[in-house]
Amino acid sequence: MILYDVKCSDGHRFEAALKSMFDDTPPCRECGAPTGRIPAAIKLSGTADPGPSREQMPNTWRGIRRGDPETVRGWHGLMSKREKLEEKYPELAGDRRPVLAHEGIFENAPLRAGDPLADKVAAATFKTAQPGQTEAPHTKQRHGKETDK
Ligand SMILES: [Zn+2]
């Protein structure tokens, strides 16, 4: 199953789980009106289907159904395709890797596309120490908060 953001003609938005990206979207949960997928922000001219855009990738723990293996695998497959596409068309990618999940067990170590999923889930679930998080004792204290963005 793949999760898509869909929107009805009245503007209700919700997530729908589809078996494949070619399935029709279900009627609106609120009002029963027909729905359509929220289109990708970036389209390639003509040739290949770029697949779901980064906006359509799940970015919540709920979005990957609390780590449901089939959902995670599905998204991982789509992301792998997307990443290959972005190697060819770097303008699609920018310089960021999408965060697939940053809630629940991924609160402290966001799940990013390209991460080894099983390792990440295991590490987050069993709260194994993440490498590179420990600070050397002689490291100078800095003022202000550092971010990695
Ligand atoms: Zn509706």
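The buried residues of α1 pack against β1, β4 and α2 (117–125). Buried here means that 20 or more other C-beta atoms lie within 10 Å of a residue's own; exposed means 12 or fewer, and partly exposed is in between, with C-beta atoms placed from the backbone. This is a predicted model, in which local features need pLDDT of at least 70 and side-chain atom pairs count only at pLDDT 80 or more, while totals for chains, interfaces and linings use all residues. Residues are numbered from 1 along each chain as its sequence is written.

Start with the overall layout. The protein has two helices and five strands. Both are DSSP runs numbered from the N terminus: helices are H or I with at least four residues, strands are E with at least two. Along the sequence the pattern is β-β-β-α-β-β-α. The protein has 149 residues, and 15% of them count as buried. Contacts tell about its folding across the sequence. Among those with a separation of 6 or more, 41% join residues 24 or more positions apart. Two residues are in contact if their C-beta atoms, placed from the backbone, lie within 7 Å.

Now the sheet. Three strands form an open sheet in the order β2-β1-β3, with antiparallel pairing. Its edge strands are β2 (13–18) and β3 (35–37), each of which pairs on one side only. From one strand to the next, the twist averages 45°. Such angles run from 0 to 180 degrees between N-to-C directions, with axes fitted as lines to C-alpha atoms, for helices over the stretch in contact. Two strands count as paired if DSSP finds at least two bridges between them.

Strand β1 (residues 2–8) is joined to β2 by six bridges. Ile-2 has Leu-18 as its bridge partner in β2, and Tyr-4 has Ala-16.

Next comes the loop between β3 and α1 (69–88), where Ile-38 is found. Ile-38 is partly exposed, because 16 other C-beta atoms lie within 10 Å. Leaving out residues up to four places away in sequence, Ile-38 touches Asp-5, Val-6, Lys-7 and Gln-56.

Then the helix α1. This helix has 20 residues and reaches 29 Å from its first C-alpha to its last, close to the 28 Å expected at 1.5 Å a residue. That expected span is 1.5 Å times one less than the number of residues. In α1, Val-72, Gly-74, Trp-75, Met-79 and Arg-82 are buried. Seen down the axis, these buried residues fall within an arc of 155°, so they line one face of the helix. The arc is that of the directions from the helix axis to the C-beta atoms. The face turned away from the buried side carries exposed residues, including Pro-69, Glu-70 and Lys-88.

Last, the core. The largest nonpolar core has 11 residues, among them Met-57, Ile-64, Trp-75, Leu-100 and Phe-106. Helix α1 gives the most, with three residues. A nonpolar core is a set of buried Ala, Val, Leu, Ile, Met, Phe, Trp, Tyr and Cys residues joined through C-beta atoms within 7 Å. Leaving aside neighbours within four places in sequence, Ile-64 is in contact with Pro-58, Thr-71, Val-72, Trp-75, Leu-100 and Ala-101.
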